[in-house]
Structures are given as structure tokens and as C-alpha cells.
Amino acid sequence: MKLRQIIIFWFIFIWVSTAGCLSYGRIGVIDTDISGAIRPAPESELTLITWNVAKNVENNNEINRLIVDYSPDILFIQEGISTSCDFFGPAFQQCLFAPSWKRTDPDTYTGVQTLSRFRLENSIHVISPGREGFLFTPKTSLISFKDLPDGQSLMLINVHMLNFVPMSRLREYLAEVYAYAQHHDGPLIVGGDFNTWSNARLKAVREFSDSLGMAEAYAYRESGDEPFSWFFLLKPFLHDRLDASLDRWFCRGFEVVACRKLGGFYSSDHVPVLLQVRVLPQ
């Protein structure tokens with residue numbers, strides 16, 4: 001199959017898979033309390049997981065297994081559903097949701113979702129300045145804060161980067177997120193779906209990371225198969241000597257204890273990526 005045919009197939013597949021969604025201009029974070037128990041912030045170590053669930057949230061037993069087996073303190077979800085907060089309780093105290101698309105049937109939103117066992121404050125909805133390819137849909141990121149026991153303020157950024165756009169649009173979106181993060185002088189963790197399927201896109205994301213003084217946490221793979229993804233049909237054409245991982249973690253002010261891609265999850269074409277960090281003393 002020629003490269004042009006593969007690309008056409010990709011576009012048709014995405015158009016079909018996103019039918020029933022439309023762009024929607026709702027701005028603001030939906031903050032839902034899903035448990036009565038507020039837990040204190042960890043004094044040393046923190047476990048986070050990021051996962052693009054491809055809108056497959058409700059009745060997804062793999063999410064419950066992920067929470068039970070790995071006990072994340074913070075869970076970053078991309079392509080989540082606004083009506084699914086209760087599905088994650090009572091493991092988490094809080095559910096933050098930043099909408100991106102509005103589904104036409106039912107009347108719900110898709111977007112990024114941050115689940116936390118601790119109370120997060122001052123949430124910010126960062127919508128992309130441009131829209132994605134021929135779908136004309138925005139992407140969103142979600143910023144939130146947590147006061148740590150040592151007096152530092154932790155900034156958490158749940159990212160879903162634009163896809164199928166010129167590099168200039170990707171850099172504009174990265175600059176939009178940077179504008180919120182640049183003045184934060186405390187610990188910083190950024191994770192999510194960066195859509196880093198090419199050298200140029202990965203370079204732009206790493207330049208963004210470097211500008212904020214962050215280091216990338218490199219994930220090794222657990223044993224087990226990965227879910228099938230039609231994306232990997234294009235991998236030989238799009239990447240040059242780089243692992244085309246779309247989902248990544250970057251952090252500042254922490255020692256990385258572990259970072260790994262979790263095997264055995266098939267309900268999405270992405271795999272969950274776990275990050276365990278230890279707070280560095282001031």
C-alpha cells in the first residue's frame with residue numbers, strides 16, 4: 001500500500017470514528033466532588049498515571065483494574081467523558097473536567113479529566129488557540145495546583161496536544177500552556193497525550209519542556225502485548241530512529257522513582273503510563 005493511500009485511510013478512519021461530535025466553545029473546568037474523604041498530600045512519594053481512554057470510559061472494567069492494581073494518587077485522562085466522574089469513585093476525592101468537544105448524542109462533552117485523591121485548587125482550562133486538522137475541533141489541557149506539606153506549590157498539567165496541524169499551530173498551543181506555567185517557581189509535573197509521532201513534534205515538545213526546566217521521565221515497557229492501533233501503520237514513515245510514543249511525562253523538582261508503560265490494557269489504542277516520583281527537598 002502506498003503512503004498516500006495509507007494517509008487517506010487514516011483520515012477516513014478518524015472522520016468515521018469521530019462522527020457524532022462537534023466543536024463547542026464551553027470554557028471552564030467542571031469540578032465534581034466524588035467522595036467525602038479528603039486525604040492529606042503525600043509527604044514524599046506520589047504516583048500518577050496518564051491514559052488516553054479514547055472515550056471508552058463508562059462500563060470499562062479496565063479502568064477499575066488500573067485503579068485497584070496501581071493505586072494512583074493522580075489519574076490524568078484524555079478523551080474522557082464529562083458524565084463519567086462517578087465511575088471513578090470512591091477511589092478519588094475529586095474529579096476535574098475540561099471540555100473539548102460536545103457530543104451530539106447524548107448531550108455530553110469529551111475532554112481531559114484529572115482524578116485526585118487529594119483536593120486540587122485553582123484549576124485552569126487551557127483551550128488550544130487553533131483547531132485540529134480538517135475536523136475543526138479544539139484540544140484542551142487542564143492545569144491544577146496542590147499545596148505540599150513542605151510549603152511548596154505543585155503545578156499539575158494534564159495535556160492533550162493538537163494533531164494534524166502545521167508545526168506553527170502546535171508551537172502556538174505549547175506557548176499557550178507555557179504562558180501559564182512560566183511564572184510558577186515550584187515543583188511541576190506535565191503529562192498526557194502529546195501526539196509526538198514525528199521528530200519535529202517531539203523536538204517542539206522537548207523544547208517546551210526544557211524552557212520550563214523539566215526533565216523527561218522515560219518509560220520502559222511491562223511485559224505483555226499492546227493494544228492494536230492503526231496509527232502504527234504509519235510509524236515507519238513518520239519517525240526516524242525514535243520511539244513514537246505519544247504519551248509522556250515531564251517533571252521538575254522531583255526524583256523519578258519509576259516510569260513504565262503498563263501492559264494488559266486493550267480498551268484504548270493508547271496504553272497507560274505510570275509515573276512514581278519523590279519530592280526533592282528545598
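Predicted model: local features only at pLDDT ≥ 70, side-chain atom pairs only at ≥ 80, totals over all residues.
**Strand E3**

Select residues 45-52, which form strand E3. Seven of the eight residues here are buried, so the rest of the structure largely encloses E3. Buried stands for under 20% relative accessible area. For the side chains, keep in mind that in a regular strand they alternate between the two faces of the sheet.

Now pick Thr50. Which residue of E15 does Thr50 stand opposite? The residue is Val273. In E4, Thr50 stands opposite Phe76.

**From E3 to E4**

Show helix H2, residues 61-70, together with E3 and E4. These three elements make a β-α-β unit, and the unit is right-handed.

**Helices H4 and H5**

Move to residues 167-181 (helix H4) and residues 199-211 (helix H5). Their axes come within 10 Å and cross at roughly 20°. Angles under 35 degrees count as roughly parallel, and H4 and H5 are therefore roughly parallel to each other. The crossing of H4 and H5 is right-handed.

To display the contact, select these side by side:

- H4: Met167, Leu170, Arg171, Leu174, Val177 and Tyr178.
- H5: Ala200, Arg201, Ala204, Val205, Glu207, Phe208 and Ser211.

Note on methods: Residues numbered from 1 in each chain as written. Heavy atoms only, no water. Buried < 20%, exposed > 50% of the residue type's maximum accessible area, 1.4 Å probe, protein only. Helix = DSSP H or I, 4+ residues; strand = E, 2+ residues; numbered from the N terminus. Pairing = 2+ DSSP bridges. Right-handed = clockwise from strand over helix to strand, strands pointing away. Axes fitted to C-alpha atoms, helices over the stretch in contact; angles between N-to-C directions. Parallel < 35°, antiparallel > 145°, perpendicular 65-115°, else oblique. Left-handed = near helix turned anticlockwise from the far one by under 90°. Contact = heavy atoms within 4.5 Å.
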